Amino acid sequence: MQSNVNPTAGLGAQVLAGSGGNQPLDLSGVRTRRLSEQLIAGVLFLCGAVSIVTTVGIVVVLVSQAIAFFLDVPVLDFLFGTRWFTAGNNPGYGVLPLVAGTFIISGIAMLVALPLGLASAVYLSEYAPERVREFLKPAIELLAGVPTIVYGYFALTFITPELLAPILPALRPFNGLAAGVAVGILIIPLVASLSEDAMRAVPRSLREGGYALGATKLEVASKVVVPAAFSGITAAVILAISVAIGETMIVSLASGAKPTSSGNPLEGMQTMTGAIVSAFSGEPSRGSTSYVSLFAIGLLLFVLTLGLNVISQLIAGRFREVYE
Amino acid sequence: MSADATYGDRISTLPEPASNLPARELRARLMSIVLFVATVLALIALGVLIWTVVARGWSWIRPEFFTNAPSRRPERSGVGPAILGTFYVILLTAAFAFPIGVLGAIYLEEYAPRNWWTRILRINISNLAGVPSVVYGLLGLGIFVEFFGFGKSILSGALALALLILPIVIIASQEALRAVPPSIREAAYGLGATKWQVTRSHVLPAAMPGILTGTILALSTGIGETAPLLVTGASAFLTSTPSSVFDRYTVLPVQIYGWSSRPQPEFRELAAATIMVMLAVLLVLNTAAILLRRRVSRQLRW
């Protein structure tokens, strides 16, 4: 390994060179070097602090604009109102239809991702031979690498017309079901890989105890490993829900821009994230109520996902101390 | 479970092992097939996705597609401005995110004392990684577009994107730095090097391949991002090419969004062709990152 340390720059080198013992150490360069070291440490600290500044920035921007919004529209009207219609003469700023859309689509996504993700995790962790696993695991990770806009396109132009419409005649061109399925496919790798990590962390002794008592592979997997990894799996699921809630482009393309009034997944619906994006496509005037209303949604979204992420981390922290 | 007097009782109450073992074994074998199919189902979905996109977009890939600008006539439309915009935005994003991210990681790994403040920093970074991308768009709108007055420009979009991918760069760089053995640092300190000399000349070069891999992956995430750029003002229908960082712009995913939102089938096919271009760019980037990672694990012999 090439060393770029200038041997004459360090005091240590002087110690080595002055082995005769009658030369005093030359301390003249130390002051400038200490100053430049402190300067560098300061710059590094600032770079590290950028993340704090980012969080503060997010909170400040969202809260300040949300306050401007709540001066116009009472908080309770926002949180519990059932009409979201920002254009026109009689606007409504009730966020419930958007929240309903978000949770319906995220719910459908979890219905898809949970069984498939857990099944993949169990298969990869308990059943698959090492070579198969080395191939399948990165292949599943590929799913997470596809940009979400591509999933949105897929939901809009394939899932709805080719896959779902033939079996569900009441399906509308823009609907929540296709968006939910696409979001589900998107988060399968997240559920699979985090659950698999949790399962692999279960000590072998527990499995071997099960086998020794005559259990089959399936019984060990379902009655020993999965319950032991339960908190890790729960943390994974909560994180996946948080990602599904924050998903924007799939729902923008596939479920349309009309907030739901019926909760029917076969019809179009709009989520919190979709409302923000579709409003900005229309270039709302700055400072207007409809403009700041989007920051209020953003604040709700931020608090929701942050809460879920924190809960997920707390639960994951719990599962480390379960075993010994 | 107490391992004494009651143990014998428990053994005597276990069910006869051989009674339904064949049935249970069969169920286990069937289940392994079911689980395998469930695992592969996701991959099949991916395959169908790629196949649909290629089938629809293939006929539109021709040289003019890469140089033309979008137009009302599908046959005259192209992704020239979008490719250029993606290139500019990613370059600018990297220029912000790479230095700040790497230097921040160096601070966290090499310089910061192990106390509560650093713990808060780390928790903060992992929380930021989980914030929805559209919220970063709102952040960019409030701070860069409005407060700093950069407007709906490449600069605003790139800054918002840089903040979005910063946690990824920091976390990946931290792991790369952590992988450098302490002996390297201690040897340099032993020769009288200062902290920055140790970091800059020994630790950083050793960690650089891992840092670059992480940065490339973070940038490829940024290439596919649509929501934050839409909110900070990327245009879905732009015919001119930007000439400065303060100009309006478009990027590949926003172009896909714009065309997909149109009902006419030709525009949907154009969107598919654009998706092919974007996926090709991502493929090249990710392959470079994987090759880089392979080279690292082969070269490094501590």
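Contact here means heavy atoms within 4.5 Å. This is a predicted model, where local features need pLDDT of at least 70 and side-chain atom pairs count only at pLDDT 80 or more, while totals for chains, interfaces and linings use all residues. Residues are numbered from 1 along each chain as its sequence is written, chains are lettered from A in the order in which they are written, and side-chain values use heavy atoms, with hydrogens and water left out.

**View 1. Where chain B meets chain A.** On the chain B side 80 residues are in contact with 81 residues of chain A. Together the two chains bury about 6,800 Å² (accessible area lost on being put together, 1.4 Å probe, summed over both), and 76% of that sits on carbon and sulfur atoms. In chain B, the residues losing the most area to chain A are Thr39(B), Leu138(B) and Tyr257(B), together 9% of what that side buries.

**View 2. The salt bridge between the chains.** The count between chain B and chain A is 1 salt bridge (Lys or Arg side-chain nitrogen within 4 Å of an Asp or Glu carboxyl oxygen). Arg24(B) pairs with Glu219(A) through their side chains, 2.8 Å from N to O. Helix H2 of chain B (residues 21-57; helices are DSSP runs of H or I, at least four residues) gives the largest share of the side touching chain A, 21 residues.

**View 3. Around Ile297(A).** Skipping neighbours within four places in sequence, Ile297(A) is in contact with Phe78(A), Trp84(A), Val95(A), Leu98(A), Met272(A), Ala275(A) and Ile276(A).

Key:
Helix = DSSP H or I, 4+ residues; strand = E, 2+ residues; numbered from the N terminus.
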